[in-house]
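I opened the model to look up a handful of sites and the relation between the chains. My entries follow in the order in which I made them.

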Protein chains: 2
Amino acid sequence: MGDYILPVELHNQIVDAAYQTRGFSPDEAAQATRFCQLAAWHGIKTHNAIKALHLDDLFGSGNKNNPGCVPNASIDVIPSKFKATECWDANRKLGQAVAFQAIDRAIELADTYGTGIVSVDHAFHYLWGGGYVMEAAKRGYIAYTCCTAALAEVVPFMGKYPTLGTNPHSWGFPTTNAIGFPIVIDWATSTVAMGRVQQFLREGKQLPPDSAVDKDGNLTQDPSKVSALITFGKHKGYGLALINELLAAFTGASIPTLRSRPERIPTGTNEKTTPNFFFQIIHPEALSSHNFLNNRSQSDNVKATIEDIIGHGNDDCLLPGQLEHQAAQQSQQAGGLLFTQAEIEEFKQVATAANVPFNTNALITT
Amino acid sequence: MGDYILPVELHNQIVDAAYQTRGFSPDEAAQATRFCQLAAWHGIKTHNAIKALHLDDLFGSGNKNNPGCVPNASIDVIPSKFKATECWDANRKLGQAVAFQAIDRAIELADTYGTGIVSVDHAFHYLWGGGYVMEAAKRGYIAYTCCTAALAEVVPFMGKYPTLGTNPHSWGFPTTNAIGFPIVIDWATSTVAMGRVQQFLREGKQLPPDSAVDKDGNLTQDPSKVSALITFGKHKGYGLALINELLAAFTGASIPTLRSRPERIPTGTNEKTTPNFFFQIIHPEALSSHNFLNNRSQSDNVKATIEDIIGHGNDDCLLPGQLEHQAAQQSQQAGGLLFTQAEIEEFKQVATAANVPFNTNALITT
């Protein structure tokens, strides 16, 4: 038996109700739903509705001691003299709603100025950065985002103690006309995620080399001994993880090791425990010399470049974003979103809690 | 015996004369000299004057069949409706001169718009990207640059044939007030450079794992069997190397495997064989929420973040840019630029060719 096919409409009805039941506004719920559909459509198992709602339980509106996310919060745009950039105080508004809105605003800025930046303070986890840059790329823009992860789980290169987040970076390029889908480069700066360590532990497997350390800071491949993660590519991944922390620090973040850890804040001091976002859009015309040889358009030129890179016998190469594109084609063929039986059972619980009728027996499988 | 101490003034006199002898204008020679001083002052052995002039011989003004660099070339600013971005046709002008000017222009744009971008077509190798972002960071700005390398020497992830450059990325952050020097994250997207492979070959050493492939596309640590390099961090470094090619393709670059290889251009077609640059500046105030806790200034906040990251027993951690800062301190203490005996002997040849008196016996050593 293959995957279950969950019709988009039913998926969206369940997710929307789940968010509204938690107190989010119809607009916030709509943005959360839009995001979950986007993730599931593109095969992003790590950040679909099940994970998004689980995260909201743990760190978001469900965390009554330290709610990382506050339903119905409003964004404040910080006054600034600069024309192509904005800084927002998100006031812990739902991450997906803030991120979609920030991309929209950065696109407006890029339409006038060639590029636009939105930095965001007091944010909540936006889940899958690749989704936002993918959407922007489908709309014809070059897009970039990075954020600080919710927890400091990663040891800096040559260090022992985790002081960095898994700090992901996501770049999207408008290559749909050239190759049929947007190139989306999207990954964390740790070799693996902590969720992956737990998965290896459950499955009794060893971790890949150079992915984690034990409590003494020594490399380990034994998931039961993992105390912290390490960055990919030694000092290079470390440098990339620092970028997120520095952009966040210039924006307004507090101490990385206090993020999502209010219990660690020294008495008598006040520190933020929220992540930060950074978004940038570049209008592709703003980069253009308008001088592409052999009668190529800009898009033709990008196509010729990509074909050269994956040509010359490099047939086994995948382009970043290609797997997501293939997953989207599978969703299209199936006529709905593909979920495993375990995921459908979790959906059942979500639907029940949100009072949405959900007859899993009526679902067909691939 | 330690290093030779070459007084800055004498170094600059030799380098300036060497560039002017090659036909570069006084201003171009001054920018080339400024760059070589900056590199040597910060201990950048791979991109000091010796290497810069060698590169100009091989690929630049010295390459009579396909001069990658043309003395006295002028930059054309491409007309554009966008306000915070510019695209330049560098007409193969000296890379260092173009890069310093592009950073200046991007800073002007960022002063008004919060951020500024300059993309450059028809460029020549700018050598050490870290130098430009370091200077911008010392002036108080967040800076980024990337370029396409002169040759396609790197195999895309899962591929066999080299179609990507070593495509470096460089980020600079204005952290001098916070920690005494700018953080400069600066590296190629290949695990090692081809020059390093030749060095291993000379020294009879094995390469680090996961750095190169043989002619059949299989991994090898034997430098004599190396046919091409691979990206660091598997698909992640591959993604980063693609970014440079895509930004270049949107700007106006031709086919990556034809770069610096005019002999490969099919008859009857016309292709560029030049690299491209991308520069971006962000004004740090443009990111700011103006809400830093515990009475911190923005710089104090950045300092608190960095101290947290390299605190908690992470004493062995270096910050990116710290080694360059230490080298600068050594230059300061020595009262000049530090070179090995072999380098000084090469300087002697450069000085002789440029008719500058250079008495190596008068140099003192550390």
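I count a contact when heavy atoms lie within 4.5 Å. With that cut-off I looked up T273(A): leaving aside its neighbours within four places in sequence, T273(A) is in contact with N66(A), L258(A), R259(A), S260(A), R261(A), P262(A) and I265(A). I found T273(A) in the loop between α8 (235-251) and β11 of chain A; helices (H or I, at least four residues) and strands (E, at least two) are DSSP runs, numbered from the N terminus. T273(A) counts as buried, at 14% relative accessibility; buried means under 20% relative accessible area, exposed over 50%, and partly exposed in between, with a 1.4 Å probe and protein chains only. I also took one distance: the C-alpha atoms of T273(A) and Q198(A), 75 residues apart along the chain, are separated by 25 Å.

Conventions and confidence. I note that this is a predicted model, in which local features need pLDDT of at least 70, side-chain atom pairs count only at pLDDT 80 or more, and totals for chains, interfaces and linings use all residues. Residues are numbered from 1 along each chain as its sequence is written, chains are lettered from A and ligands numbered from 1 in the order in which they are written, and side-chain values use heavy atoms, with hydrogens and water left out. For pLDDT, the predictor's confidence in each residue from 0 to 100, I read a mean of 96 in chain A, with 100% of its residues at 70 or more. Within chain A, confidence is lowest in helix α7 (residues 194-203), at a mean of 89, and highest in strand β11 (residues 277-282), at 99. For the complex the predictor gives an ipTM of 0.97 and a pTM of 0.98.

Two serines. I placed S119(A) in strand β4 (residues 115-121) of chain A. S119(A) is buried, with 0% relative accessibility. Its side chain reaches the backbone oxygen of L287(B) at 2.9 Å, and the residues that S119(A) touches include W88(A), F277(A) and A286(B). I placed S288(A) in the loop between α9 (284-287) and α10 (298-309) of chain A. S288(A) is buried too, at a relative accessible area of 4%. The side chain of S288(A) reaches the backbone nitrogen of H290(A) at 2.9 Å. Not counting residues up to four places away in sequence, S288(A) touches Q298(A), I78(B), C87(B), F250(B) and T251(B).

Sheet. In chain B I found an open sheet of three strands in the order β12-β1-β13, with antiparallel pairing; two strands pair if DSSP finds at least two bridges between them. The edges are β12 (337-339) and β13 (364-365) of chain B, each with a single partner strand, so one side of each has no neighbour in the sheet. Strand β1 (residues 4-6) of chain B pairs with β12(B) over three bridges, and I5(B) stands opposite L338(B).

Symmetry. I superposed chain A on chain B by a rotation of 180 degrees with 0.0 Å of shift along its axis (RMSD 0.0 Å), by least squares on the C-alpha atoms of residues with pLDDT of at least 70 in both. The two copies are thus related as by a two-fold rotation axis. The same surface serves both copies, as 100% of the contact residues of chain A recur in chain B.

Conventions:
A polar contact is a pair of N or O atoms within 3.5 Å; within protein, one must be able to donate a hydrogen and the other to accept it, and residues adjacent in sequence count only if both atoms are side-chain atoms.
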